[in-house]
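Welcome! Please take a look at the sequence and the structure below, and then we will walk through them together.

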Amino acid sequence: MDLAFGDPPNRWHPVAWIGRLVRRGQALAPAQGQLRLIIAGAFLLLGVLLLTIVTIVLLGSSYALYTMKQLRHEAFTVADRIRIGASFAAVVALSLGTWL
C-alpha cells in the first residue's frame with residue numbers, strides 16, 4: 001500500500017499511534033519495583049495488542065462490507081446484461097423466424 005499511496009503522515013500512521021501509546025505507558029510506569037514494572041509492561045503490551053487487533057478487525061470488516069457491496073453491484077450488472085442479451089437474442093430469433 002505504501003508503494004501505491006506513499007507513507008501516510010504520522011497523524012494517520014498506525015505505527016505512530018503505537019509509538020505514542022508506548023510513550024504514554026512509559027510515562028505512567030512505576031519508578032520503583034521490578035515486579036510493578038513487569039506488570040505495567042504486560043498491561044502495555046496487552047493494550048497495544050488489543051488496539052492492533054481491534055483496528056485490524058474494524059478495517060477488515062469495513063473492507064469486507066465495501067467489497068460485498070461492490071460485488072453485489074457487479075452481480076446485478078452481469079445479471080442485467082445477461083437478461084438484456086437473452087432478450088435481444090429472442091428478438092433476433094423471432095425476427096429471423098428461427099425461434100425453436
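What percentage of the 100 residues of the chain count as buried? The answer is 4%. Keep in mind as you read that this is a predicted model.

**Overall layout**
- The chain holds three helices and zero strands.

**Confidence**
- Across the chain, the mean pLDDT is 78, with 87% of the residues at 70 or more.
- Helix α1, which covers residues 2–5, has the lowest confidence, with a mean of 70.
- Helix α2, made of residues 14–28, has the highest confidence, at 86.

- Look for a nonpolar surface patch of about 830 Å², made by Leu 35, Ile 39, Phe 43, Leu 45, Leu 46, Leu 49, Ile 53 and Val 57.
- Phe 43, one of the residues in this patch, sits in helix α3, which spans residues 34–96.
- Phe 43 counts as exposed because its relative accessible area is 60%, and the cut-off for exposed is over 50%.

- Asn 10 can be found in the loop between α1 and α2.
- With a relative accessible area of 56%, Asn 10 is exposed too.
- Leaving aside residues up to four places away in sequence, Asn 10 touches Ala 16, Trp 17 and Arg 20.
- So Asn 10 is a residue that is exposed and still has contacts with Ala 16, Trp 17 and Arg 20.

Key. Residues are numbered from 1 along each chain as its sequence is written. This is a predicted model: local features need pLDDT of at least 70, side-chain atom pairs count only at pLDDT 80 or more; totals for chains, interfaces and linings use all residues. Side-chain values use heavy atoms; hydrogens and water are left out. Patches are made of residues with over 30% relative accessible area and no salt bridge: like charges are joined within 9 Å, nonpolar side chains (Val, Leu, Ile, Met, Phe, Trp, Tyr) within 5 Å. Accessible areas come from the Shrake-Rupley method with a 1.4 Å probe; for residues, only the protein chains shown count as cover. A salt bridge is a side-chain nitrogen of Lys or Arg within 4 Å of a carboxyl oxygen of Asp or Glu. Helices (H or I, at least four residues) and strands (E, at least two) are DSSP runs, numbered from the N terminus. Buried means under 20% relative accessible area, exposed over 50%, partly exposed in between (1.4 Å probe, protein chains only). pLDDT is the predictor's confidence in each residue, from 0 to 100. Contact means heavy atoms within 4.5 Å.
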